[in-house]
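Opening the notebook on this one. I wanted to look up how the parts of the protein meet.

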Amino acid sequence: MDDIEKMEDVLRQNTTELGDLRTKALDTQFNQESFEKNEDKTKFYTGLPNFLVLIQIFELCKPYITCGPKSVLSKFEQFILVLLRLRLNLPLKDLAFRFKISLSTASRVWHKVIDILHERLEFQIEWPERHVLQDTMPMAFRQAFGRRVAVIVDCFEVFIERPSNLLARAQTWSNYKHHHTVKFLIGVAPQGYVTFISRAWGGRVSDKQITVESGLLKNLLPGDIVLADRGFNVGDSVGFYCATLQIPAFTKGRKQLSAYEVAETRKIANLRIHVERVIGLVRRKYQILQSRAMPIEHMATKPGEALALIDKIGVICCVLSNLSESVVPLD
């Protein structure tokens, strides 16, 4: 009986240790079960608010992710590998070690799944109908401009590696950032969600040119108000669509602004700050847009495709950011 009791104690101890090891192993894995049981892990590795949102996006993309009998990674693991890189900007070598695959496999999964994510999610960057905008207009905007504000626009730049081509080098040099960059134009609704993002342009392009040529203005309706910074001198182009551009006042050689202009400038600045908060949210959540210079090969367009990889990354990051809570108070 003593021997049996000792054996039972050893068995209980081994069972406890085995359970602990399984829990630790699950924490280091990137399968669906490990995310389902850990909301903090979901938030940290994907930037999404919870597992429910994560699984809904996965189910949207799942039918298009291939996984054969010889595949090393499951469909969910391929999906998570791409989100990890978007979220933390991990090198492909790091991802290969984490998922116990070769570097070539990691690269192949990255390029394949990023195309699927873009194809399946881009519909969520949508310009809202006017009645939807007006019915849900935040109170701060109503008090300042009624229900007429349609979009707040701004640009943000992403560092890239120095191109070898001299023309590309000149087109991507940003005097503002003192670095080679690409520039995106982003449009944010008063409710705090991205409703427009342009393709990536060379960092040398002016805010005015990218606004006029990106197609954003075609979404405007008569009576709409566009909020922007001083660099967006596109009042004539906005007026062509019977809309109004509101930007902070210029001194234009005067020593100071009038009291009315100061009040109007302060009113615009207090509302326009929301677009900077949204841009900051997108770039903090998805480090691929800010932590390291992006590889130059991401700027190239594949044969038969209209968009470069950097364009798809910009759209996907904005969609994923839209699925989080808005930075604008709605009451």
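**Domain interface notes**

I started with polar contacts and got seven residue pairs between domain 1 and domain 2, both residues at pLDDT 80 or more. A polar contact here is a pair of N or O atoms within 3.5 Å; within protein, one must be able to donate a hydrogen and the other to accept it, and residues adjacent in sequence count only if both atoms are side-chain atoms.

Ground rules: this is a predicted model, where local features need pLDDT of at least 70, side-chain atom pairs count only at pLDDT 80 or more, and totals for chains, interfaces and linings use all residues. Residues are numbered from 1 along each chain as its sequence is written, and side-chain values use heavy atoms, leaving out hydrogens and water.

Next I checked the bounds, which come from an automatic or database domain assignment: domain 1 is 31–122 and domain 2 is 127–323. Their C-alpha centres sit 29 Å apart.

Then contacts (heavy atoms within 4.5 Å): 22 residues of domain 1 touch 20 residues of domain 2.

For buried area, I took the accessible area (1.4 Å probe) that two parts lose on being put together, summed over both. The two domains bury about 1800 Å² between them, with 63% from carbon and sulfur atoms. On the domain 1 side, L86, N89 and H118 supply 34% of the area buried against domain 2, more than any other three residues.

Last, salt bridges (a side-chain nitrogen of Lys or Arg within 4 Å of a carboxyl oxygen of Asp or Glu): I found two across the interface. I also noted the K312 salt bridge with D115, closest N and O atoms 2.7 Å apart.
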